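Please give me a guided tour of this model, one selection at a time. I have it open in a viewer and want to know what to pick next and what is there.

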Amino acid sequence: MNTERIDQDAGHPEHVPGYVGSGEVLMRLDGVSKVFCTDELETHALSNVRLDVHAGEFVSIAGPSGSGKTTLLSILGLLDSLSAGTYALAGQSVSSIEASELPRIRNRQIGFIFQSFNLIGDLSVYDNVALPLTYRGLPAAERRQRVEAALERVGMSHRRKHFPNQLSGGQQQRVAVARAVVGDPPVLLADEPTGNLDSRNGDSVMELLSELHAGGATICMVTHNPDYTRYATRTVTMLDGQVVAEQAQTPRLAQ
Amino acid sequence: MENFFQDLRFGARLLCKRPGFTASAVLALALGIGGTTAIVTLASAVLLRPLPYPDSERLIAIWETLPEMRQGSVSDANFRDFRDQSTRVESMAAVYARDLSLGYGDEDPERVVGGDVSRDFFRVFAVEPTVGRTFSDDAYAPGRGRVAVLSHELWRRRFGRDPQVYGKTFVLNGQLHRVVGVMPADYRVAADARQQAPFDLFRPLHLSAEERGRGNHMLQVYGRLRPGVSVEQARAEMDTIAARLAQQYPSQAERGVRVRTLKEQFAAPLRPALLVLLGAVGLVLLIACANVGGLLLARGASRQGEFAIRLALGAGRRRIVRQLLTESLLLSLLGGGCGVLVALWLIDLVTLGLAEQLSRVIPVEIDLGILGFSLAVSVLTGLVFGILPALSASRSEVLLGLKDGGARATVGPGQGRLRRGLIVGELALAVTLSIGAGLMAHSFVKLQGVDPGFDEHNLLTFRVALPEDAEDREVVAFYSRLIDRLKALPGAQEVAAINHPPLIRQNMNGGFSIEGRPPWGPGQEPLTEYQVVTRDYFRAMKIPVVRGRSFSEHDRNGTTGVVVINETMANLYWPGEDPIGKRMRTGWTGDEWKQIVGVVADTTRFSLDNTRRAAETYFPFEQAQLRAMAVMVRTSVEPRSLVEAVRGQVRGLDATLPMYATQTMEQVVADSLGDRSFSLLLLCLFALTALVLAGTGIYGLLAYQVSQRSREVGIRMALGARVGDVRRLFVVEGAKLIVAGLLVGLGTSVVLARFLESLLYGVSAQDGLTFGIVAVLLSVIALVAVYVPARRASQIDPMVALRSE
């Protein structure tokens, strides 16, 4: 294992040995901090984080509970705001984007995969997957075509009329992956996508993500499972809200 | 049992820990159970509970009928024939109600309602006096009878419950009377056909030869059926007797007889309004149940973790349901307890309005039976609103509940059905009730637009009754002086008097003949209302004289007898002719022909909703003196401000005369709609309660829905939904439920509004305007209740929503 301790003041980690990517910086965090305040307590969830994610990268974010992994992912996904620092997505500073524009960007640029799948119980598999396209305002015919393709891709087209509670955990997560990719976003953010799955279903989902990566998707994935970090091209390790290590690696390819 | 008390203690602790939830639920239940208890109390007193007399189901009231009159007083001759010929009525008695002046010592005289009763009167009711005795046969001998039996109320009010009252004397209509007995407190026989005021005292019935005639209908008749005889059998027998009398006496040709149980007599006028109000409180109770059901549903959802732990520890689902039902019952019993307090307040309100007079005849109070009913309603209510949320909550998934509250996917497709059903149900019930209230309100507005035919504004009225033995000239002199004195009061413009003012539901009528026309056939003699008025009456009332003239100072005793008739009379009996100068004769004023000198516009005689116009004949007071008259004072100031000055003038003329029935004519007009307006008030009160409960219930259920779906909102936002998208999602979902609730409510209203038909005036039970206004109003309220949670949903921070995983 080739691990290097990062000096947070040394600049962006383009120099990490073994880095695999297209070279174009898709997401750049510079000195990002996130502080949660309550009446009596300030919690520094992120502290002076610097991180570049290049197009085509598969970044695995690891670290113990409370290290700031999910907060980092939320900031990358425009779900949360920064307390300090800058974040540029596709070259555009996020702080310069109007709040009303954020949903549109999330819809077009980012696909989310959650640990708890987060499918909407009232909607069928088909409708769940179609949801991002509905918000994008695509015509019904195009929506249908894309949804069919996405479900086909994750092997769930035969379950399109089912409701989430009629599916197993693995199947639900496949549907969640289909929903994340149906809008063809350049970035996929996955927060412990295998956390609620058994090893067989977990492997299957990781194979799926690996395929998507091989197809050109940029993926940032939070995981606790060291086995699954091997699918990534780079592993970022966090501790106490800071990126404490990065390791570039040759990813395990989808079988 | 131990488990039950354990559940009870736990439930009580939970209720104490969540005072907001507890207060909302208890308030909703108190309103529902309280309203139901109050109206059921009234309905029970009026419709169900037997009257407070022994074997009261055997008591009947007997009336005479005419083709155009469903029930009227009975003549003494007919009463005696009914009594003597009946074999199925064990005892029958008559009472003649009189306004009497009770004067004693230095105190102001008081007007009391006296009942002059025939021999068997007290035997019919089978009630013995608590003090003294009733009348001996001797009291009915000619020249005797200055004795009285007091009602309990008069004994209490004027004689301070004096147990030694027997034999004491007091002044009644200027004559000394001796007390021989006092009736029990619950002996409250009504003094008029509308069953409103109970008699204050009783005297032996002594009628003059004229009063005993077959054409003089003035008695109320009561009877007690023989044991085993049904009212139908008595009715058949009385019909036979009436038919026999009709053959025997031409004047009775068209007359029939009506026999009703005394209970029916009391209950019939109030039954339609009571049934509507019972329906209304039932709907309020159902809305309250739905409301609390929604609250419990929300609370059950927030306790999924607790149920999961209980299930994990070995509790069966039945055990969970039982625990939740125990908590529901505790809540409903608390609500029921508070509901009884609400009912007590509401009963006070009801007895002040709808049944003020009635409640003096029939006691309206909460008894053990009603408390038992409230308890049963509370328990039933607890089961109704508790069972579905309990079943829903008991379906917790143990593992998911323990791990993450079942958050793998958001609320499933079937889990929202109960919530949606509650919303649709609450709205539909509120629509139904509001449409009922709306129809009544619309009807009431129409009634208020009815022109009574006189100007009721700035008009004071009161009654004065001179002793029956006063001489005619004394009577004329008294009223003449009184009117002159009152006219001189600052603020008084016109003063006049009439025997029965419009809209007070008392009248005097009789037949008449027209000069030069053949006599009416037997039984075909038409009726005209007899009105005795002083000469300025039409001017004081602002009733237009449409032809001829009004009365003048020349129309007095000894001059040509004259009358004024109303337009209906003129059109009915002189169609296409000018009645001025024509002559007519009435049975009441003897053989003298009376010349018609004027025609005046019609007035509404009995109530604004009675569109039937009566033929009326006005007699000048100086030619047809009556002892008891209503004085009308047209004022330039607020009429009530003159009451004391007027009383001073009456006292100045005769200190022994009570001035009674003092009110403004605006009040008289309003009172003529009294039952109707109070039913409307109650119905509106219930509808308002329903609106508030439904509005807060819908809001609560939707707010609960938003909180349940906050994760979904977070997901949608993460997927690109904008604020507007989220808001629209909830508003559209809410709007669908509103439309469903409105449709169900409108459909139900179309069916149920038919039951209101008898209470409506000038408005169809399917009145489109009312349906439309209620639909719009309810839509607005429901949309507000939908919009607020929707707006809150759109402000959910997606990160906070998703962080819960």
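## Chain A overall

Begin with chain A: among its contacts between residues at least 6 apart in sequence, 71% join residues at least 24 apart. Two residues are in contact if their C-beta atoms, placed from the backbone, lie within 7 Å. This is a predicted model, in which local features need pLDDT of at least 70 and side-chain atom pairs count only at pLDDT 80 or more, while totals for chains, interfaces and linings use all residues. Residues are numbered from 1 along each chain as its sequence is written, and chains are lettered from A and ligands numbered from 1 in the order in which they are written.

Chain A has 255 residues, of which 49% are buried (20 or more other C-beta atoms within 10 Å of the residue's own; exposed means 12 or fewer, partly exposed in between, with C-beta atoms placed from the backbone). Colour by secondary structure to find seven helices and 11 strands; these are DSSP runs numbered from the N terminus, helices being H or I of at least four residues and strands E of at least two.

## The sheet

Select the four strands of chain A that form an open antiparallel sheet in the order 3-2-5-6. Strands pair if DSSP finds at least two bridges between them. Nine bridges join strand 2 (residues 25–37) to strand 3 in the antiparallel sense. Show A:Leu29 next; its bridge partner in strand 3 is A:Leu51.

## A loop residue

Move to A:Gln166, in the loop between helix 4 (140–154) and helix 5 (169–181) of chain A. A:Gln166 is partly exposed because 15 other C-beta atoms lie within 10 Å. Its C-alpha atom is 9.8 Å from that of A:Ser124, 42 residues apart along the chain.

## Where the chains touch

Now display both sides of the contact: 28 residues from chain A and 24 residues from chain B. On the chain A side, helix 2 (102–109), helix 3 (125–136) and helix 5 each give two or more residues.

## The core

Finally, select B:Val284, B:Ile287, B:Leu427 and B:Ala690, which have the most contacts inside the largest nonpolar core, of 229 residues. Such a core is a set of buried Ala, Val, Leu, Ile, Met, Phe, Trp, Tyr and Cys residues joined through C-beta atoms within 7 Å. Helix 8 (residues 271–302) of chain B gives the largest share, 19 residues.
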